[in-house]
Amino acid sequence: MEKQEIIKKIEKSGHRKVRFAICDIDGILRAKNIHVDKFLEVAGNTVGYCDVVFGWDSNDRCYDNVELTGWHTGYPDKKAALDLNTFRTVPWDNGIPYFLADFDVPGQEVAACPRSLLKKIRKQGADMGYKAIFSEEFEWFNFCGTPNQLAETGYRNPQPITPGMFGYSQLRPSQHADYYNELFDLLAQFNIPLESMHTETGPGVYEACIFYDEILSAADKAVLFKSAVKEIAYRHGFVATFMAKWNEQLPGSSGHIHQSIWSSDGGKNLFFSGSPEEPMSELMESYLAGQLRCLPEILPMYAPTINSYKRLRDGAWAPTTVTWGKDNRTTAIRMISRDEKSTRLEMRVPGADSNPYLAMAASLASGLYGIRNKLKLDIPPVIGNAYTSADVQKLPANLLDATRVMANSEIANELFGEAFTRHFTQTREWEWREFARAVTDWETKRYFEII
Ligand SMILES: NC(=O)CC[C@H](N)C(=O)O
C-alpha cells in the first residue's frame, strides 16, 4: 500500500493514535503509541527512539559489558523508521493502526537491530538472484490466570488450561473453543494467516503453522505472532509461554523454520532438481551443507537463552546433533519433498524462545554461505534415530559453550559482521553471568539439608 493510501485509510478510520514497535535482541517487541499528527510527521521519515532497547536485557536490566550503548554513551536516541509495508490494524484493540519499525536508516549503523540484520542478509540473497520463502511454526503452553497472579506465585505449579498429554486432540480445543477459534480468526485479521493449528502433546499446549511468505514478511509475522498470542490469551484470562522448556518432565516448545530458495520472480523452486526420485538440487545441497557447516558456530542465534538448552535433549523430538535426514524428526534439519512446491528444509533447532529475525537471518546467511562456497554435502542423511547414531557431531550443550564458540568464530563474523557478532555474544555472556549468580531451586532441593 502506498504512503498516501495508508494515510487516507488512517484518517478515514478516525483513530487519533497509531502504534509502532521495535524488536529487541531477545525478540521482544518494544512498542509506543503516538498521536496521529506525529505519525503524519514521521511516516516516510524517521522518529527518535532511545537506544536503550539494545542496552538492556529481557528484564530491563542494563548490560555492563556492551560497547554499542550504555551509561558511557548516555543512552541517546537513534533514528528509527516505520516500515509502511508492515501496516496492519489490531483487531483485538479497536483496530488501532500498527507498524513495525527498525533502525535501518541511511548513514546510520545500529549493528544490534535484528530486523536490520535480516534485511541485510535478505539483500545478499536478492543480489544473488534468489527469493527466500520462509515460515515459522510455534508450539507454546497456555495457563490459567493473569501475569500478576503467576508472578505472585513465583510461577510455581501454574495450571495448564487443559490436563494431560493429548496431541491432535479433537476434545481439548472444545474446552476453550472461544480462545482456540479466536486465535485463528484474529491472527488472520492481523495479517498473520495460519496454515494450521492443533494441540501438541502436553497439558495446554497448542501448535500453529504460519503461512509461508517472503523472508522479511515471514519474520515480521513470526515476531508479531508471539506477542499477538499473548495478548489474545489475556482476553481469556490465560497466559501463554514461549519458553523453550518450562517443565523438565514435559515436551519443549519449538520454533521450527521452513525454508526454500526460489528464482527472483518467485516462479521456480531452486531447491527442486526436477526429478521426483532425487529431488534435491545442487543448490539445495550446497545450502544444506552451509547450514550444517555453520550450525555449531552460530547456535545462540537459534538457542539464545539459558533455557533453550534444556529443550535440546535426546529423545525429546528436539535435535542434539549436527545432522540432517529425509523426513526425519530426530535430526537438526529435516528435508521434505512431496513435489516441486513442497521441496524445502525444516530447521528444527530453534526453540519458541528464539528471535525469529535472528533465527531466519542465521538460516539464510548460512545457506547462502554454502552456495557461495559451492559446498558439497559431506554429511550423509541419518536413517532412523539420530540420537543414537554413531559418528555424529554433538551441538554445544549450554549457552556458555555455544557463545564462546560463536564469539571466536570467523564464520559468524563473515555471516553477520563483526559488530553484530560482538554485541550479540556480549549479550549472551551477560545472560550466562546473570544465571550463574542465581541460586536455583534445583540447588536447594539437592543440597539444603543433605550436604
Ligand atoms: N512437532 C514436533 O516435532 C515436536 C517438537 C518438540 N516439541 C521440540 O521442542 O522440538
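This is a predicted model: local features need pLDDT of at least 70, side-chain atom pairs count only at pLDDT 80 or more; totals for chains, interfaces and linings use all residues.

Me: OK, and which side chain does Asp 104 meet in a salt bridge?

Reply: Asp 104 meets the side chain of Lys 119, at 3.3 Å from N to O. The two belong to distant parts of the chain, 15 residues apart, with Lys 119 in helix α3 (residues 114–127) and Asp 104 in the loop between β5 (96–102) and α3. A salt bridge here is a side-chain nitrogen of Lys or Arg within 4 Å of a carboxyl oxygen of Asp or Glu, and helices (H or I, at least four residues) and strands (E, at least two) are DSSP runs, numbered from the N terminus.

Me: Is Lys 119 buried or exposed?

Reply: Lys 119 counts as buried, because its relative accessibility is 18%. Both Lys 119 and Asp 104 also belong to a network of salt bridges, which links them with Asp 83, Asp 102, Arg 115 and Asp 220.

Me: How many salt bridges does the count come to?

Reply: The count comes to 25 salt bridges. One of them joins Asp 64 and Arg 433, whose closest N and O atoms are 2.7 Å apart. Asp 64 sits in the loop between β3 and β4 while Arg 433 is in helix α13, so this pair ties together parts that are 369 residues apart in sequence. Asp 64 counts as exposed, at 54% relative accessibility, whereas Arg 433 counts as partly exposed, at 37%.

Me: And which residue pairs with Lys 394?

Reply: That is Asp 314, whose side chain meets the one of Lys 394 in a salt bridge of 3.6 Å, N to O. Asp 314 lies in the loop between α9 and β12, and Lys 394 in the loop between α10 (356–372) and α11, so the pair ties together parts 80 residues apart in sequence. Asp 314 counts as partly exposed at 44% relative accessibility, and Lys 394 counts as partly exposed at 47%.

Me: Switching to helices, which residues of α11 are buried?

Reply: Helix α11 spans residues 399–407, and its buried residues are Leu 399, Leu 400, Ala 402, Thr 403 and Met 406. They cover an arc of only 165° around the axis, which puts them on the same side of α11; the arc is that of the directions from the helix axis to the C-beta atoms.

Me: What do the buried residues of α11 pack against?

Reply: They pack against α9 (308–311), α12 (410–416) and α13 (418–437). At the start of α11, a side-chain oxygen of Asn 398 also comes to within 3.1 Å of the backbone nitrogen of Leu 400.

Me: New topic: where is Thr 330?

Reply: Thr 330 is in the loop between β12 (324–326) and β13 (333–336), and it is buried, with a relative accessible area of 18%.

Me: What is Thr 330 in contact with, apart from its neighbours in sequence?

Reply: Leaving aside neighbours within four places in sequence, Thr 330 is in contact with Gly 384, Asn 385, Ala 386 and Tyr 387, where contact means heavy atoms within 4.5 Å. A polar atom of the Thr 330 side chain lies 3.3 Å from the backbone oxygen of Gly 384, and a polar atom of that side chain lies 2.9 Å from the backbone nitrogen of Ala 386.

Me: Last one: where is Val 53, and is it buried or exposed?

Reply: Val 53 lies in the loop between β3 (47–50) and β4 (77–90), and at 3% relative accessibility it counts as buried. Beyond its neighbours within four places in sequence, Val 53 is in contact with Asp 24, Arg 30 and Phe 103.

Conventions
Residues are numbered from 1 along each chain as its sequence is written. Side-chain values use heavy atoms; hydrogens and water are left out. Buried means under 20% relative accessible area, exposed over 50%, partly exposed in between (1.4 Å probe, protein chains only). A polar contact is a pair of N or O atoms within 3.5 Å; within protein, one must be able to donate a hydrogen and the other to accept it, and residues adjacent in sequence count only if both atoms are side-chain atoms.
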